[in-house]
Amino acid sequence: MCWAVGVTSWALVAGTAIWFERSLRNGAVVTGYALFALMLVLSLFNLRKRLLVLPVGTVRSWMIAHGVIGVLAIPIYFQHTGTLWPGGFYEQIIAIAFYAATLSGIAGYALERILPRRLAHLGGEIIQERIPGEIAELRARAEALVLKAVADTGSDTLGRYYAESLDWYFWRPRFLLSHLVGGGRALRWIEGHLVALRRYLNEAERERLDALEALALRKNRLDAHHALQSVLKLWLFVHIPAAVLLVALAAWHLLVVNIYAR
């Protein structure tokens, strides 16, 4: 339904612009004002997200409307400019802002459809701001476990291996790109190191290694959450500034055009 309304709206704007052009008027005036109006409406979505208490539709319905209007703005923009890349310097800056806002919006829509499902598959609710603290806690527990193993068993094999390899893994989030694309590099790294180490340990040390493996797997899940949640937030740091810049540039462009038109 929303997409049908969007296509119908674009057809009306395009038809009106063509009618103006055939009537020896400037059709760019219609598409220009229509495009600026769409930009202002799109800007309202961020305001709606901040004012969740307002009973003006659900966030989901606003997101759908935001996507429909954003897609509607693309053909109107090209009809307004008549080209993929304008000639004037100021118009080129507007084009850069438009492409940045549009492409980041499309990317964000795809990410919002895919990544939350993968986060749900990981299981558990983990707040991103708490992940560094939880990783630090896991590192402290791993170090305490290794030190106790060395003291109890009288062998430093596990301690030396931890210092040479596993300490790197527990220090901060790792394998972020692999987690982002859904790869299993982190699990293979953990398994490869622990299997290689296990053959050199005695029975008491292997029990400590099993506990260390549980901590490593817990951290692997934290790393995956960190990678996916970071991307879900970071794309907005491109989309929102680009959208704000676009509205500001378009407003100035509209003002200048009207001044020179008089």
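Visitor: What should I know about the source?
Guide: This is a predicted model: local features need pLDDT of at least 70, side-chain atom pairs count only at pLDDT 80 or more, and totals for chains, interfaces and linings use all residues. Residues are numbered from 1 along each chain as its sequence is written, and side-chain values use heavy atoms, with hydrogens and water left out.

Visitor: How many helices and strands in the protein chain?
Guide: It has 10 helices and zero strands. Both are DSSP runs, numbered from the N terminus: helices are H or I with at least four residues, strands E with at least two.

Visitor: What percentage of the residues is buried?
Guide: Of the 262 residues, 34% are buried. Buried means under 20% relative accessible area, exposed over 50%, partly exposed in between (1.4 Å probe, protein chains only).

Visitor: On to rings. How many aromatic pairs?
Guide: The structure holds 12. Rings of Phe, Tyr and Trp (its six-membered ring) pair if their centres lie within 6.5 Å; planes under 30 degrees apart count as stacked, over 60 as edge-to-face, the rest as tilted.

Visitor: Why do Tyr-77 and Phe-98 count as stacked?
Guide: Because their ring centres are 3.9 Å apart and their planes are at 15°. The pair links distant parts of the chain: Tyr-77 is in helix H3 (residues 59-81), Phe-98 in helix H4 (residues 89-122).

Visitor: Is Tyr-77 buried or exposed?
Guide: Tyr-77 is buried, at 3% relative accessible area. Phe-98 is buried too, at 4%.

Visitor: What about Tyr-169 and Trp-189?
Guide: They form a stacked pair, 5.3 Å centre to centre with 25° between the planes. Tyr-169 lies in helix H6 (residues 157-171) and Trp-189 in helix H8 (residues 185-198), 20 residues apart. Both are buried.

Visitor: Which residues do ring pairs link into a cluster?
Guide: Tyr-162, Trp-168, Tyr-169, Phe-170, Phe-175 and Trp-189.

Visitor: And what lies over the face of Tyr-169?
Guide: Lys-219, at 4.1 Å from the ring centre. A charge sits over a ring if NZ of Lys or CZ of Arg is within 6 Å of the ring centre and within 35 degrees of the ring normal.
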